[in-house]
Amino acid sequence: MKIAAIDIGSNAARMQISSVLNDEGRISFKKIEYVRFALRLGHDVFSSGKIHYESEARIKKLLTVYKLLMELHEVDAYLICATSALREAENGLNICERVKLELGMTINLISGEKEAEMINNVIVHELEDNKTYLHIDVGGGSTELNLYNGKVKETSQSFKIGSVRLMEGKVTKDVWKKMHNWIQEHVHNRPEIISIGTGGNISKLFEFLEKDENGLADIQRLEEAQKYLSQFTMEEKINKLKMNPDRADVIEYASEIYFSAMKWAKSTKMFVPDLGLKDGIMLEVYQNLKS
């Protein structure tokens, strides 16, 4: 069996095709194809409130490519989820309708809460009992925070703070204050908080720092890595550090969001599992097939 997950984010769109493995009842997914393309929908939406015609055309071209790849791999089932930018665009629903009419593909506009839930379904397997975790997932348009007591999620909240939105200067002080107050309210007087970082930017930042034997990095190391990156120009990040252009220009903005959440929670350590929304989508595709 082969399944696919498509995540249309505010910065990039990703598709992963995986084969489903069944080892004596234990299910796992083996990646056989992964494609990422920088649509940059957030640039349109956070500036003008809608998706421009040229961006809509790129969405359709990209989904056509994804559709052909899925046909070549003979995918049994797939799911497309779109997050902050497309769900906030005033013409987002109309674009989804045209994609359905022209390509026969359904785009699901998921809420921040649904996004957090789907990521939670795969993150929870990485957690240990008797520990407290703050999961920080930073996308191009929004940040999802989840508080865990062991493997149990106690509460979560989505905020309109993201790397592209921040770069575009569209994050107000009021939104920062709301996130700060939420963390203060729910994390106050907790024991040691371990941060979990998900998202392409924190994964890339983790490549430039040392981790301990458990894969954890302290906030000082994270800040040193950010300081190291800030020494490079945009061109140097692309050519010397081999970063994608759409990663090179937002990684420091994303880092600011992660570090702010950690400091407000008085969290000194973070780990970054190789998981994200696409993995949550993949799990939902499989569960829908089996239900």
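Modeller: Helices (H or I, at least four residues) and strands (E, at least two) are DSSP runs, numbered from the N terminus. This model is predicted: local features need pLDDT of at least 70, side-chain atom pairs count only at pLDDT 80 or more, and totals for chains, interfaces and linings use all residues. Residues are numbered from 1 along each chain as its sequence is written, and side-chain values use heavy atoms, without hydrogens and water.

Biologist: Which helices and strands each supply at least two residues of the lining of the largest pocket?

Modeller: They are β2 (13-23), β3 (26-37), α5 (112-123), β6 (132-138), α8 (200-206) and α13 (277-290). The lining holds 49 residues, and L275, G276, L277, K278 and D279 lie nearest the pocket's centre.

Biologist: What makes 14 residues of that lining nonpolar and 14 charged?

Modeller: Ala, Val, Leu, Ile, Met, Phe, Trp, Tyr, Cys and Pro count as nonpolar, Asp, Glu, Lys and Arg as charged, and the others, Gly among them, as polar. The remaining class in this lining, polar, has 21 residues.

Biologist: Why is α5 called roughly perpendicular to α13?

Modeller: Their axes (lines fitted to C-alpha atoms over the stretch in contact, with angles from 0 to 180 degrees between N-to-C directions) cross at roughly 80° and come within 8 Å. Angles of 65 to 115 degrees count as roughly perpendicular, and therefore α5 is roughly perpendicular to α13.

Biologist: Which residues make the contact?

Modeller: With contact meaning heavy atoms within 4.5 Å, α5 contributes K114, E115, M118, I119, N121 and V122, and α13 contributes L277, D279, G280, I281, L283 and E284. By class, this contact has six nonpolar, two polar and four charged residues.

How values were computed:
1 Å grid on protein atoms, 1.4 Å probe; cavity = no way out; pocket = protein on both sides within 12 Å on 5 of 7 lines; lining within 4 Å. Parallel < 35°, antiparallel > 145°, perpendicular 65-115°, else oblique.
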